[in-house]
Amino acid sequence: MFGSPGSGKGTQAKLLSQCISGPHISTGDMLRGHIAEHDEIGIAAQELLKAGKLVPDDMVNALVKQRVVDADCDAGMILDGYPRTVNQARVLLELLASIGFRGIVLHLVVDYEKIVARLSGRRQCPFCGTLYSLTTSPPKVAGICDKDGTPLVTREDDRESVIRERLREYDLQTVPILNFFKEAGVPLFEIDAGSAQPDQVSRKICEELVAAGIELKVSGSQEIRA
Ligand code: ADP
(Lines give C-alpha, C1' and ligand atoms only; values in the text may rest on other atoms or scores of the structure.)
Protein backbone atom coordinates (compact mmCIF):
# COMPACT_ATOMS: atom_id res chain seq x y z
CA MET A 1 0.00 0.00 0.00
CA PHE A 2 1.45 3.34 -1.09
CA GLY A 3 0.38 6.87 -0.25
CA SER A 4 2.18 10.16 0.23
CA PRO A 5 2.41 11.92 3.59
CA GLY A 6 -1.05 13.31 4.32
CA SER A 7 -2.84 10.80 2.07
CA GLY A 8 -4.39 8.91 4.98
CA LYS A 9 -2.42 5.73 4.27
CA GLY A 10 -2.19 4.64 7.91
CA THR A 11 -5.94 5.06 8.42
CA GLN A 12 -6.75 3.20 5.21
CA ALA A 13 -4.37 0.34 5.98
CA LYS A 14 -6.19 -0.17 9.28
CA LEU A 15 -9.68 0.12 7.73
CA LEU A 16 -8.74 -2.34 4.99
CA SER A 17 -7.94 -5.05 7.51
CA GLN A 18 -11.74 -5.28 7.78
CA CYS A 19 -12.16 -6.46 4.18
CA ILE A 20 -8.76 -7.86 3.23
CA SER A 21 -7.61 -11.08 4.85
CA GLY A 22 -4.53 -10.95 6.99
CA PRO A 23 -2.80 -8.47 9.24
CA HIS A 24 -1.69 -4.89 8.63
CA ILE A 25 2.11 -5.03 8.63
CA SER A 26 3.96 -1.73 8.97
CA THR A 27 7.74 -1.97 8.80
CA GLY A 28 7.94 1.37 10.66
CA ASP A 29 5.87 -0.13 13.52
CA MET A 30 8.03 -3.28 13.53
CA LEU A 31 11.22 -1.21 13.75
CA ARG A 32 9.77 0.97 16.54
CA GLY A 33 8.85 -2.27 18.36
CA HIS A 34 12.48 -3.42 18.18
CA ILE A 35 13.69 -0.02 19.38
CA ALA A 36 11.32 -0.25 22.37
CA GLU A 37 12.75 -3.71 23.12
CA HIS A 38 16.34 -2.38 22.96
CA ASP A 39 17.30 -5.52 21.03
CA GLU A 40 20.04 -5.82 18.38
CA ILE A 41 17.84 -4.67 15.50
CA GLY A 42 16.44 -1.82 17.59
CA ILE A 43 19.90 -0.59 18.53
CA ALA A 44 21.04 -0.72 14.90
CA ALA A 45 17.90 1.08 13.66
CA GLN A 46 17.46 3.73 16.34
CA GLU A 47 19.74 6.50 15.04
CA LEU A 48 18.57 5.99 11.44
CA LEU A 49 14.91 6.39 12.41
CA LYS A 50 15.74 9.44 14.49
CA ALA A 51 17.48 11.00 11.48
CA GLY A 52 14.58 10.07 9.17
CA LYS A 53 16.92 7.86 7.09
CA LEU A 54 16.01 4.48 5.65
CA VAL A 55 17.39 1.45 7.43
CA PRO A 56 19.43 -0.97 5.26
CA ASP A 57 17.43 -3.07 2.80
CA ASP A 58 18.79 -6.32 4.26
CA MET A 59 17.39 -5.43 7.68
CA VAL A 60 13.79 -4.77 6.58
CA ASN A 61 13.84 -7.56 4.00
CA ALA A 62 14.77 -10.00 6.77
CA LEU A 63 12.03 -8.63 9.07
CA VAL A 64 9.37 -9.00 6.39
CA LYS A 65 10.61 -12.47 5.37
CA GLN A 66 10.25 -13.68 8.95
CA ARG A 67 6.87 -12.01 9.45
CA VAL A 68 5.05 -13.27 6.34
CA VAL A 69 5.50 -16.91 7.34
CA ASP A 70 3.52 -16.38 10.56
CA ALA A 71 0.20 -18.23 10.64
CA ASP A 72 -1.92 -15.05 10.54
CA CYS A 73 -0.49 -14.29 7.07
CA ASP A 74 -1.77 -17.57 5.57
CA ALA A 75 -4.47 -15.78 3.56
CA GLY A 76 -2.52 -12.60 2.82
CA MET A 77 -1.39 -9.36 4.41
CA ILE A 78 -1.38 -5.62 3.93
CA LEU A 79 2.14 -4.20 3.69
CA ASP A 80 2.51 -0.57 4.70
CA GLY A 81 5.83 1.30 4.44
CA TYR A 82 7.43 -1.58 2.53
CA PRO A 83 8.93 -1.72 -0.06
CA ARG A 84 10.70 1.65 0.09
CA THR A 85 13.40 0.92 -2.53
CA VAL A 86 13.42 -0.91 -5.88
CA ASN A 87 15.74 -3.50 -4.33
CA GLN A 88 13.17 -4.17 -1.57
CA ALA A 89 10.45 -4.41 -4.25
CA ARG A 90 12.47 -7.01 -6.14
CA VAL A 91 13.06 -9.05 -2.97
CA LEU A 92 9.36 -8.80 -2.11
CA LEU A 93 8.25 -10.12 -5.51
CA GLU A 94 10.62 -13.09 -5.17
CA LEU A 95 9.37 -13.72 -1.66
CA LEU A 96 5.70 -13.59 -2.71
CA ALA A 97 6.39 -15.98 -5.60
CA SER A 98 8.20 -18.39 -3.27
CA ILE A 99 5.23 -18.59 -0.90
CA GLY A 100 2.66 -18.72 -3.70
CA PHE A 101 1.14 -15.24 -3.23
CA ARG A 102 0.49 -12.56 -5.79
CA GLY A 103 1.00 -8.89 -5.12
CA ILE A 104 -1.38 -6.03 -5.71
CA VAL A 105 -0.35 -2.40 -5.47
CA LEU A 106 -2.77 0.09 -3.96
CA HIS A 107 -1.72 3.68 -4.45
CA LEU A 108 -3.69 6.34 -2.59
CA VAL A 109 -3.61 9.49 -4.65
CA VAL A 110 -4.41 12.91 -3.20
CA ASP A 111 -3.87 16.20 -4.97
CA TYR A 112 -0.70 17.70 -3.45
CA GLU A 113 -2.24 21.18 -3.20
CA LYS A 114 -5.00 19.69 -1.02
CA ILE A 115 -2.40 18.05 1.23
CA VAL A 116 -0.43 21.28 1.56
CA ALA A 117 -3.61 23.24 2.35
CA ARG A 118 -4.75 20.69 4.92
CA LEU A 119 -1.44 20.19 6.74
CA SER A 120 -0.29 23.81 6.62
CA GLY A 121 -3.68 24.83 8.06
CA ARG A 122 -3.05 22.75 11.19
CA ARG A 123 -2.34 24.42 14.50
CA GLN A 124 -1.45 22.77 17.78
CA CYS A 125 -1.57 23.76 21.42
CA PRO A 126 2.02 23.39 22.69
CA PHE A 127 0.65 22.79 26.21
CA CYS A 128 -2.07 20.11 25.85
CA GLY A 129 -1.34 18.89 22.29
CA THR A 130 -4.88 19.50 20.90
CA LEU A 131 -4.85 19.86 17.10
CA TYR A 132 -6.99 22.42 15.25
CA SER A 133 -7.63 22.92 11.55
CA LEU A 134 -8.12 26.47 10.32
CA THR A 135 -10.61 25.16 7.76
CA THR A 136 -12.53 22.32 9.42
CA SER A 137 -12.12 22.69 13.20
CA PRO A 138 -10.82 26.18 14.10
CA PRO A 139 -10.45 27.30 17.72
CA LYS A 140 -13.25 29.51 19.09
CA VAL A 141 -10.83 32.45 19.42
CA ALA A 142 -8.32 32.72 16.55
CA GLY A 143 -4.87 31.49 17.57
CA ILE A 144 -5.86 30.43 21.11
CA CYS A 145 -6.44 26.93 22.55
CA ASP A 146 -10.10 26.37 23.57
CA LYS A 147 -9.03 24.17 26.49
CA ASP A 148 -6.35 26.18 28.26
CA GLY A 149 -5.94 29.54 26.50
CA THR A 150 -2.37 28.86 25.33
CA PRO A 151 -1.35 30.54 22.02
CA LEU A 152 -1.39 27.93 19.22
CA VAL A 153 1.67 27.13 17.11
CA THR A 154 2.38 25.59 13.70
CA ARG A 155 4.42 22.42 14.12
CA GLU A 156 7.75 22.47 12.30
CA ASP A 157 6.77 19.50 10.10
CA ASP A 158 3.46 21.22 9.14
CA ARG A 159 5.23 24.23 7.57
CA GLU A 160 4.49 24.53 3.88
CA SER A 161 8.13 24.33 2.75
CA VAL A 162 8.69 21.20 4.88
CA ILE A 163 5.51 19.57 3.54
CA ARG A 164 6.49 20.27 -0.08
CA GLU A 165 9.96 18.81 0.56
CA ARG A 166 8.46 15.64 2.06
CA LEU A 167 6.12 15.28 -0.94
CA ARG A 168 9.05 15.74 -3.33
CA GLU A 169 11.02 13.06 -1.46
CA TYR A 170 8.02 10.74 -1.56
CA ASP A 171 7.82 11.09 -5.36
CA LEU A 172 11.56 10.52 -5.79
CA GLN A 173 11.36 7.38 -3.67
CA THR A 174 8.04 5.97 -4.88
CA VAL A 175 7.78 6.59 -8.62
CA PRO A 176 10.65 4.15 -9.46
CA ILE A 177 9.04 1.47 -7.26
CA LEU A 178 5.63 1.89 -8.89
CA ASN A 179 7.31 1.73 -12.33
CA PHE A 180 9.15 -1.42 -11.30
CA PHE A 181 5.86 -3.09 -10.27
CA LYS A 182 4.14 -1.94 -13.48
CA GLU A 183 6.92 -3.42 -15.59
CA ALA A 184 6.73 -6.64 -13.58
CA GLY A 185 3.01 -6.87 -14.43
CA VAL A 186 1.75 -6.40 -10.86
CA PRO A 187 -1.83 -5.03 -10.88
CA LEU A 188 -1.86 -1.40 -9.79
CA PHE A 189 -4.90 0.39 -8.36
CA GLU A 190 -4.76 4.17 -8.22
CA ILE A 191 -7.37 5.30 -5.69
CA ASP A 192 -8.56 8.89 -5.33
CA ALA A 193 -8.26 9.32 -1.57
CA GLY A 194 -8.72 13.07 -1.42
CA SER A 195 -12.39 13.67 -2.10
CA ALA A 196 -14.25 11.45 0.36
CA GLN A 197 -14.40 10.43 4.01
CA PRO A 198 -12.03 7.59 5.10
CA ASP A 199 -14.80 4.93 5.31
CA GLN A 200 -16.01 5.85 1.80
CA VAL A 201 -12.46 5.65 0.43
CA SER A 202 -12.07 2.25 2.09
CA ARG A 203 -15.35 1.05 0.54
CA LYS A 204 -14.20 2.27 -2.87
CA ILE A 205 -10.94 0.34 -2.55
CA CYS A 206 -12.82 -2.85 -1.62
CA GLU A 207 -15.26 -2.39 -4.54
CA GLU A 208 -12.42 -1.95 -7.02
CA LEU A 209 -10.66 -5.05 -5.71
CA VAL A 210 -13.84 -7.12 -5.98
CA ALA A 211 -14.43 -5.79 -9.51
CA ALA A 212 -10.91 -6.99 -10.37
CA GLY A 213 -11.78 -10.49 -9.19
CA ILE A 214 -9.89 -10.44 -5.93
CA GLU A 215 -11.27 -12.43 -3.02
CA LEU A 216 -12.24 -10.30 -0.05
CA LYS A 217 -13.09 -11.21 3.47
CA VAL A 218 -16.66 -10.41 4.53
CA SER A 219 -16.39 -11.47 8.12
CA GLY A 220 -14.58 -14.30 9.85
CA SER A 221 -13.76 -16.94 7.28
CA GLN A 222 -16.54 -15.98 4.83
CA GLU A 223 -15.25 -14.71 1.52
CA ILE A 224 -16.76 -13.11 -1.57
CA ARG A 225 -15.66 -13.18 -5.16
CA ALA A 226 -16.53 -10.89 -8.04
P1 ADP B 1 6.95 7.56 7.96
O2 ADP B 1 5.83 7.32 7.01
O3 ADP B 1 6.75 8.70 8.90
O4 ADP B 1 8.31 7.54 7.32
P5 ADP B 1 7.14 4.78 8.92
O6 ADP B 1 6.52 4.31 10.16
O7 ADP B 1 6.68 4.14 7.65
O8 ADP B 1 6.91 6.35 8.97
O9 ADP B 1 8.73 4.61 8.98
C10 ADP B 1 9.48 5.18 10.00
C11 ADP B 1 10.95 4.98 9.72
O12 ADP B 1 11.27 3.59 9.74
C13 ADP B 1 11.45 5.45 8.35
O14 ADP B 1 11.75 6.83 8.36
C15 ADP B 1 12.68 4.59 8.16
O16 ADP B 1 13.76 5.09 8.95
C17 ADP B 1 12.26 3.26 8.76
N18 ADP B 1 11.62 2.37 7.76
C19 ADP B 1 10.32 1.93 7.76
N20 ADP B 1 10.09 1.13 6.72
C21 ADP B 1 11.26 1.05 6.04
C22 ADP B 1 11.67 0.37 4.85
N23 ADP B 1 10.81 -0.38 4.12
N24 ADP B 1 12.95 0.52 4.44
C25 ADP B 1 13.84 1.25 5.13
N26 ADP B 1 13.52 1.93 6.25
C27 ADP B 1 12.25 1.83 6.71
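My entries below go from the ligand to the pockets and then to the backbone.

**Ground rules**

This is a predicted model, so I noted that local features need pLDDT of at least 70 and side-chain atom pairs count only at pLDDT 80 or more, while totals for chains, interfaces and linings use all residues. Residues are numbered from 1 along each chain as its sequence is written, and side-chain values use heavy atoms, with hydrogens and water left out.

**Entry 1: the ligand**

I looked up the residues around the ligand and got 13, with Thr 27, Arg 32, Lys 53, Gly 81 and Gln 88 coming nearest. Near here means that a heavy atom of the residue lies within 4 Å of the molecule. By class the shell has 6 nonpolar, 4 polar and 3 charged residues.

Helices (H or I, at least four residues) and strands (E, at least two) are DSSP runs, numbered from the N terminus.

**Entry 2: atoms close to the ligand**

I then went down to single atoms. Arg 32 has a polar side-chain atom 2.8 Å from an oxygen atom of the ligand. With Gly 81 the backbone takes part: an N or O atom there lies 2.9 Å from a ligand nitrogen atom. Gln 88 puts a polar side-chain atom 3.0 Å from a nitrogen atom of the ligand. On its own the ligand has 530 Å² of accessible area (Shrake-Rupley method, 1.4 Å probe), and the protein covers 76% of that.

**Entry 3: the largest pocket**

Where does the ligand sit? I found it in the largest pocket; to sit there, more than half of its atoms must lie within 2 Å of the grid points. A pocket is an open set of points on a 1 Å grid over the protein atoms alone, where a 1.4 Å probe fits, with protein on both sides within 12 Å along at least five of seven lines; lining residues have an atom within 4 Å of a point. This pocket holds about 1600 Å³ of space, and 50 residues line it. Ser 4, Pro 5, Lys 9, Arg 84 and Arg 166 lie nearest its centre. Helix α7 (160-183) gives the most to the lining, with 6 residues. I sorted the lining into 16 nonpolar, 19 polar and 15 charged residues.

**Entry 4: the second largest pocket**

About 700 Å³ of space lies here. Among its 28 lining residues, Ile 20, Gly 76, Met 77, Arg 102 and Ile 104 are the closest to the centre. The lining has 21 nonpolar, 4 polar and 3 charged residues, and α5 gives the most to it, with 3 residues.

Most residues other than glycine have a negative phi, and most peptide bonds are trans. I noted the peptide bond from Tyr 82 to Pro 83, which is cis, with omega near 0°. Pro 83 is in the loop between β3 and α5. His 38 has a positive phi, near 55°, and its place is in the loop between α2 and α3.

How values were computed
Polar contact = N/O pair within 3.5 Å; in protein donor to acceptor, adjacent residues only side chain to side chain. Nonpolar A, V, L, I, M, F, W, Y, C, P; charged D, E, K, R; others polar. Points joined across faces, edges and corners; volume = space filled by probe spheres on them.
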